[in-house]
Amino acid sequence: IDKYGADALRLTLITGNAPGNDMRFYWERVESSRNFANKVWNASRFIMMNLEGAEIKTPALDELKAADKWILSRVNTLAKDVTENMDKFEMGIAVQKVYDFIWDEFCDWYIELAKYRIYHAEENQEAANDALWTLREVLKNALKLLHPYMPFVTEEIYSKLIPEEESLMISPWPVYDEKWNFEAEEVIVAHYQEIIRGIRNVRAEMNVPNARKATAYVVSEDVSLRDGLALLSNSAKQMASLSEFILKQDKEG
């Protein structure tokens, strides 16, 4: 605890193990848990830094961008799944789902998707507001889901993120809401992730440096999918080091 913190030790002891089994203690696993705590702290600091001084308005759900709806839908499903696991005392499975969501979907994907709108707020204040509102809402729910396993760091962050509430410990537990279920947007972002990973893999295989911009052509006959991906084009250019992100109906068009 003195070296890595109580939260890191708690997370280590509850992950990767089934009830009734003995487990070996490895310092590397505690260090990994400490790194996760740092990841949560740094992501939260980035969000709160951009929220500082901003008057965030609650947007209408139908006005949100595909990426916003996707992450809201994912944290909504996460709340349901984690609650079901906890009701069955499957604590290790529950916290692994929270861990994967925060590290991969929220930090590595959504925050990166939101950065363009935040950094170019002067171009579209409404889009920047929607991104910041979504970041705050998703982080708030993610902290609540992580709180039983890492109570100290989550309480500290929550008290600064939502200062109007008395304590995270007595705040309402996240509950699945059908209004936050956006299947179409989940499909769009799943395709987007596949495209970005594919481009990154090709660049790595061909040893193309990030400083060298490329043009990506995406072919799809699905009009709604093309329209959804078009809204992510600016983020795609940043995340895959592209000069152009061109969407086409067919290879000849």
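Biologist: How many helices and strands does the protein chain have?

Modeller: Helices (H or I, at least four residues) and strands (E, at least two) are DSSP runs, numbered from the N terminus. The protein chain has nine helices and two strands, arranged along the sequence as α-α-α-α-α-α-α-β-α-α-β. With a radius of gyration of 20 Å, close to the 18 Å given by the globule rule for 253 residues, the protein chain is as compact as a globular protein of that length. That radius is taken over C-alpha atoms, and the rule is 2.2 Å times the number of residues to the power 0.38. Please note that this is a predicted model, in which local features need pLDDT of at least 70, side-chain atom pairs count only at pLDDT 80 or more, and totals for chains, interfaces and linings use all residues. Residues are numbered from 1 along each chain as its sequence is written, and side-chain values use heavy atoms, with hydrogens and water left out.

Biologist: What percentage of the residues of the protein chain count as buried?

Modeller: Buried means under 20% relative accessible area, exposed over 50%, and partly exposed in between (1.4 Å probe, protein chains only). Of the 253 residues, 46% count as buried.

Biologist: Which residues have the most contacts inside the largest nonpolar core?

Modeller: In soluble globular proteins, nonpolar side chains tend to be buried together. A nonpolar core is a set of buried Ala, Val, Leu, Ile, Met, Phe, Trp, Tyr and Cys residues joined through side-chain atoms within 4.5 Å. Here the largest one has 68 residues, and those with the most contacts inside it are Phe 101, Ile 102, Phe 106, Tyr 110, Leu 135 and Tyr 192. Helix H4 (residues 91-119) supplies the largest share of this core, 14 residues. Contact means heavy atoms within 4.5 Å. Beyond its neighbours within four places in sequence, Phe 101 touches residues including Ile 71, Leu 78 and Val 138.

Biologist: Where is Trp 103 placed, and how accessible is Trp 103?

Modeller: Trp 103 lies in helix H4 and, at 29% relative accessibility, counts as partly exposed. Outside the four-place sequence neighbourhood, its contacts are Asn 35, Phe 36, Lys 39 and Asp 108. Trp 103 and Phe 36 are 67 residues apart in sequence, yet 7.6 Å apart in space, C-alpha to C-alpha.

Biologist: Is Asn 129 buried or exposed?

Modeller: Asn 129, in helix H5 (residues 125-146), is buried, with a relative accessible area of 13%. Leaving aside neighbours within four places in sequence, Asn 129 is in contact with Glu 55, Ile 56 and Lys 57.
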